[in-house]
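Morning, everyone. Please look at the structure on the screen, and I'll walk you through some of its contacts.

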Amino acid sequence: MLYVVLLFLAISLLLYVILAGADFGAGIVELLSSKKNQEQTKKTIYRVMGPVWEANHIWIIIMIVILWVAFPKFYNVLVVYLHIPLTLTLLGITLRGVAFVFRHYDAFKDKSQIVYDWMFRVSSLLTPIFIGMTFGATVSGELIITENYTDYSFEELFIAPWLNIFSIVVGFFFAGLCAFLSSILLIGEAEANNTNIYLRKSKIATIVIILLGFIVLTYGFFNDIKFVTAFVNNPYAIGLILLSALLIYPLLHSIKKAKQILSRALAGLQVLFILTAALITHYPYLIITKQAELSLLDGIAPESTITVLGISLIVGGLLIIPGLFHLLKSFKMIKILER
């Protein structure tokens with residue numbers, strides 16, 4: 001049953017990155033658009049994502065529950081030592097949600113709309129950056145796990161692990177990935193005379209994430225960050241990255257031809273390959289500290305708890321996934337079956 005729990009954890013992570021990533025990316029695309037295009041992008045975002053945007057966060061809730069119940073030691077390290085970037089992430093999600101609602105449903109259309117617009121755009125950029133910085137902190141080797149907090153300063157324990165160059169670059173890489181996913185999604189959702197806007201942005205986003213990915217690996221390798229050196233020396237991880245790279249040409253071609261289904265499928269595959277490469281590099285040691293490497297399976301919950309959780313996830317999946325599929329289909333977010 002442990003493998004069932006791990007499978008649901010991996011699927012939830014993948015779906016959150018793809019769906020919520022495209023959601024965050026929409027705000028980034030809007031932020032980086034010209035004033036003329038911002039208004040058009042705003043209308044497109046609301047029409048496409050308005051009915052379903054809250055559903056995206058179900059996956060992060062599932063991830064949190066699984067980590068809390070099945071892997072309490074791992075969860076405890078995250079929420080104690082990385083509570084600042086995680087709190088900033090939750091704050092960003094909250095502010096973004098508030099701005100998304102009020103800029104459309106506020107009864108009074110006044111200058112407050114400008115505040116809501118900028119709140120939505122800036123939080124859409126900062127939130128994925130903090131998510132990426134949190135992941136960067138877990139593998140940067142800067143974390144210090146201790147029972148004696150007085151032996152270290154607050155900055156050493158709770159600031160330095162995530163506020164460093166490597167984690168920041170990883171944060172920007174994830175934000176770029178979100179913009180990449182969103183721009184590809186918006187190609188097929190924009191009106192015909194606005195398609196070129198997102199064609200151009202998706203090409204730019206593709207180049208940006210390639211450059212940021214190169215910077216992450218280069219900086220990590222020359223600064224002897226254990227996760228990166230293990231990544232570079234892992235043939236499976238490198239193979240997956242090469243597969244992802246091979247998809248760049250057909251992806252750019254599908255973007256140029258505005259093939260919305262093919263471009264979305266190729267983008268999803270690239271994200272799958274990148275995430276899988278990152279996870280298998282050091283699995284199950286997904287937290288690298290200055291003292292040691294912590295395994296996801298350390299301090300795992302009792303077998304009886306894992307069994308109950310696994311059964312609950314299976315039953316919940318059978319109830320939730322069809323409903324989610326129907327929701328996305330009803331608002332034409334899933335178009336493959338219509339072609």
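Start with E30, which is buried at 0% relative accessibility. Buried means under 20% relative accessible area, exposed means over 50%, and partly exposed lies in between, with a 1.4 Å probe and protein chains only.

A word on the source. This is a predicted model, where local features need pLDDT of at least 70, side-chain atom pairs count only at pLDDT 80 or more, and totals for chains, interfaces and linings use all residues. Residues are numbered from 1 along each chain as its sequence is written, and side-chain values use heavy atoms, leaving out hydrogens and water.

Back to E30. Its side chain meets that of R121 in a salt bridge, 2.7 Å from N to O. A salt bridge here is a side-chain nitrogen of Lys or Arg within 4 Å of a carboxyl oxygen of Asp or Glu. E30 sits in helix α1 and R121 in helix α6, residues 112–139, so the pair ties together parts 91 residues apart in sequence. Helices (H or I, at least four residues) and strands (E, at least two) are DSSP runs, numbered from the N terminus. R121 is buried too, at 6% relative accessibility. D117 joins E30 and R121 in a network of salt bridges.

How many salt bridges are there by this rule? Five.

Next, K290 and E142. Their side chains form a salt bridge at 3.8 Å, N to O. This pair links distant parts of the chain, 148 residues apart. K290 is exposed at 52% relative accessibility, while E142 is partly exposed at 30%.
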